[in-house]
Amino acid sequence: MSASTSESAPPLAPPMGLIAEMTHRCPLRCPYCSNPVALDRAGDELDTDTWLRVLDEAAALGVLQMHFTGGEPLARRDLPLLVRRAADAQLYTNIITSGVTLDERMMARLIEAGIDHIQLSFQDVEAANADRIGGLAGAHGRKLAAAQRIREAGLPLTANFVIHRQNIARVPAMLELAEALGASRSEIAHVQYYGWGLRNRDALLPSRAELDATTATVEAARARLKGRMVIDYVVPDYYAARPKACMSGWAQRFIHISPTGRALPCHAAESLPGFTFVSVRDVPLADIWRADPAFLRFRGTAWMPEPCQSCDRREIDWGGCRCQAFALTGDAARTDPACALSPDHAVMAAAVAARGEAPPDFVYRQFSAADPVG
Ligand code: SF4
Ligand code: FES
């Protein structure tokens, strides 16, 4: 395919998924949280009527999947109502939750509303370490109870484990736990280093040997559990030769909506300077998807610099992650430094080399020192 602007723009399909970041409120304080460092306050969140309208607009646009996430989406009392509206509009509904507030009553309300799937996040398999990483005593036990509730309700369960140097040794036990819980899918996903994760990088980045051992564990488990449990595996960019296709390409498959209603091509887009992100309060979702300048900025391949512009992987990984490129080079339009072909690739090796023998203390996610819970 030619790299010219007119020929390289992909045909515009509807977004596959809408990721609704309902709230930044959360009972946990994970030091790798994917929420922005500057968190939205509860009083600024979209109201129920606006969310209901956005769900209708998503269905009309051709969205297939609704992912309700946060923060902790269960902190929104209207979540069952929103799930019902999405289900009535024939959208596939998924909740991504810490599970610590998923009691029997809420489970029943979500089932009644038509929820299709729940992803439950775990910090570790050792309760004390899991609670330390999440910053909430007793959280792990409540997650185990939530997992049981999900399975008893007959829902498919995905067990999410975010891994890093302070829990990576227990990946074999994580996979055993997922199997014991009856999960149909398990995600062993390394921390992504933006926002809070980047702030805590030295406390989280594993060694190459730890990563290699984990990869071997996952491959063996995939063979053993074939047909019973799917295992998704995400490795850290810092040891990669090619980047991941972040968000399956900027503004190509997903729309992300922040708690206050800003429409974003990815969860970290607000870290990029020079962008104005419009709100779904003011602009219809279809107009944002088709023509919003922030969505057009890195869609397709026309924006790409070399070496991406003449690379045969440019429509496979779409040049990697814009937010990582900005975080590590100061320019969102450069090739992702995770790529070994990038002129900036050495920053990855430098970060690995700078990693101390002992991890420093975590900087936990919080709203502010004066008002930690928002
Ligand atoms: Fe991907 Fe660009 Fe690297 Fe090619 S040069 S592999 S398109 S990041
Ligand atoms: Fe923003 Fe990857 S997180 S493009």
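In this predicted model, nine strands form an open sheet with mixed pairing, and their order across the sheet is β7-β6-β5-β4-β3-β2-β1-β8-β9. The edge strands are β7, at residues 230–234, and β9, at residues 263–264, each of which pairs on one side only.

- Strand β2 (residues 65–69) and strand β3 (residues 92–97) run parallel and are joined by four bridges, and Gln65 has Tyr92 of β3 as its bridge partner.
- Lying across β2 and β3 is helix α3, which spans residues 79–88 and runs at about 170° to β2.
- Helix α6 also packs on the sheet, where it touches β4 (117–122) and β5 (157–163), and the direction of α6 makes about 160° with that of β4.

**The pair α5 and α6**
- Helix α5, covering residues 127–134, packs with helix α6, covering residues 139–152, at an angle of about 105°, and their axes are 7 Å apart; the two helices are therefore roughly perpendicular to each other.
- On the α5 side the contact is made by Ala127, Ala130, Asp131 and Gly134, while α6 contributes Ala139, His140 and Gly141.
- Sorted by class, this contact of α5 with α6 has three nonpolar residues, three polar residues and one charged residue.

**Around ligand 1**
- There are 14 residues around ligand 1, and of these Cys308, Cys311, Arg313, Arg314 and Cys339 come nearest.
- The shell around ligand 1 has six nonpolar, three polar and five charged residues by class.

**Cis peptide bonds**
- Gly70 and Gly71 are joined by a cis peptide bond with omega of about 15°, and Gly71 lies in the loop between β2 and α3.
- Another cis peptide bond, with omega of about 10°, joins Glu306 and Pro307; Pro307 belongs to the loop between α12 (293–296) and α13 (322–329).

- Met247, a residue other than glycine, has a positive phi near 60°, and its place is in the loop between β7 and β8 (254–257).
- Met247 counts as buried because 25 other C-beta atoms lie within 10 Å, the cut-off for a buried residue being 20 or more.
- Ser248, which is not a glycine either, has a positive phi of about 60° and is found in the loop between β7 and β8.
- Ser248 has 14 C-beta neighbours inside 10 Å and therefore counts as partly exposed.

Technical notes:
Residues numbered from 1 in each chain as written. Chains lettered and ligands numbered in written order. Predicted model: local features only at pLDDT ≥ 70, side-chain atom pairs only at ≥ 80, totals over all residues. Axes fitted to C-alpha atoms, helices over the stretch in contact; angles between N-to-C directions. Parallel < 35°, antiparallel > 145°, perpendicular 65-115°, else oblique. Contact = placed C-beta atoms within 7 Å. Nonpolar A, V, L, I, M, F, W, Y, C, P; charged D, E, K, R; others polar. Pairing = 2+ DSSP bridges. Near = placed C-beta within 6 Å. Buried ≥ 20, exposed ≤ 12 C-beta atoms within 10 Å, placed from the backbone.
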